[in-house]
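Hi,

Here is the structure I promised to pass on.

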Amino acid sequence: MNIKMVTVGKLKEKYFKAGIAEYAKRLGAFCKFKIVECPDEKAPENLSEAQDEKVKQIEGERILSKIKDKEYVILLDLRGKELTSEQMAKKIDDLSTYGTSDITFIIGGSLGVSPEVMKRADFSICFGKFTLPHQLMRLVLTEQIYRSFMIINHRTYHK
């Protein structure tokens with residue numbers, strides 16, 4: 001199984017990098033895991049609606065260029081479905097059982113994602129209604145993917 005995370009922006013904080021690296025290493029026992037970073041589009045603080053849409057469009061094109069047709073795409077979106085860890089594990093397990101070996105998670109930019117990215121998503125998930133820094137969300141998502149594999153494989157990590 002191949003799991004890819006496509007994100008907007010560069011991860012700079014060493015403590016996030018260290019946490020993600022640890023879970024990525026652990027994931028190596030279950031899947032091929034990689035993170036693909038797309039550059040974020042620089043934007044002034046007070047954007048007009050048109051400027052906002054333009055930034056999302058540019059970032060959206062960058063995201064979509066990193067996704068192949070055969071990949072099952074899961075978008076992180078505030079309007080997505082909230083899942084328990086067990087439900088996420090079941091989703092991943094079901095996908096692998098029914099022939100989907102390439103799963104891509106998308107974490108968009110700070111303004112969200114373009115309508116084209118939303119349309120490309122096969123499924124959307126939400127980690128809650130509060131706002132988290134995108135860098136932290138990468139760590140949380142990586143840990144939840146690892147947790148999913150531990151649940152699927154009946155390991156004691158998940159309690």
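What covers the buried residues of α1? The cover includes β2 (32–38) and α5 (134–152).

Before the rest, some ground rules. This is a predicted model, where local features need pLDDT of at least 70 and side-chain atom pairs count only at pLDDT 80 or more, while totals for chains, interfaces and linings use all residues. Residues are numbered from 1 along each chain as its sequence is written, and side-chain values use heavy atoms, with hydrogens and water left out.

**Helix α1**

Helices (H or I, at least four residues) and strands (E, at least two) are DSSP runs, numbered from the N terminus. Helix α1 covers residues 14–27.

"Buried" means under 20% relative accessible area, "exposed" means over 50%, and "partly exposed" is in between (1.4 Å probe, protein chains only). In α1, the buried residues are F16, G19, I20, Y23 and L27. Looking down the helix axis, you'd find them within an arc of 95° (taken from the directions from the axis to the C-beta atoms), so they line one face of the helix. The face turned away from that buried side carries the exposed residues K14, Y15 and K25.

**Two cysteines**

A disulfide is a covalent bond between the sulfur atoms of two cysteines. The rule used here is a pair of cysteine sulfur atoms within 2.5 Å, and by it the count comes to zero disulfides.

**The listed binding site**

UniProt lists L76 and G108 under "binding site" in an unreviewed entry (positions follow the numbering used here, feature names are shortened, and annotations may be inferred rather than shown by experiment). The two span 33 residues in sequence, yet no two of their C-alpha atoms are more than 7.6 Å apart, so they gather at one spot.

L76 is in strand β3 (residues 72–82) and is buried at 16% relative accessibility. Contact means heavy atoms within 4.5 Å. Leaving aside neighbours within four places in sequence, L76 is in contact with residues including F105, I125 and M137.

G108 is in the loop between β4 (102–107) and α4 (115–120), and is buried with a relative accessible area of 7%. Not counting residues up to four places away in sequence, G108 touches V8, I63, V113 and H134.

G109 is found in that loop between β4 and α4 too, and counts as buried at 8% relative accessibility. With the sequence neighbours up to four places away left out, G109 touches V8, E59 and H134. G109 and A89 are 20 residues apart in sequence, and their C-alpha atoms are 25 Å apart in space.

**After α5**

R155 is in the segment after α5 and touches F30 and M150, not counting residues up to four places away in sequence.

Cheers

Notes
Expected span 1.5 Å × (residues − 1).
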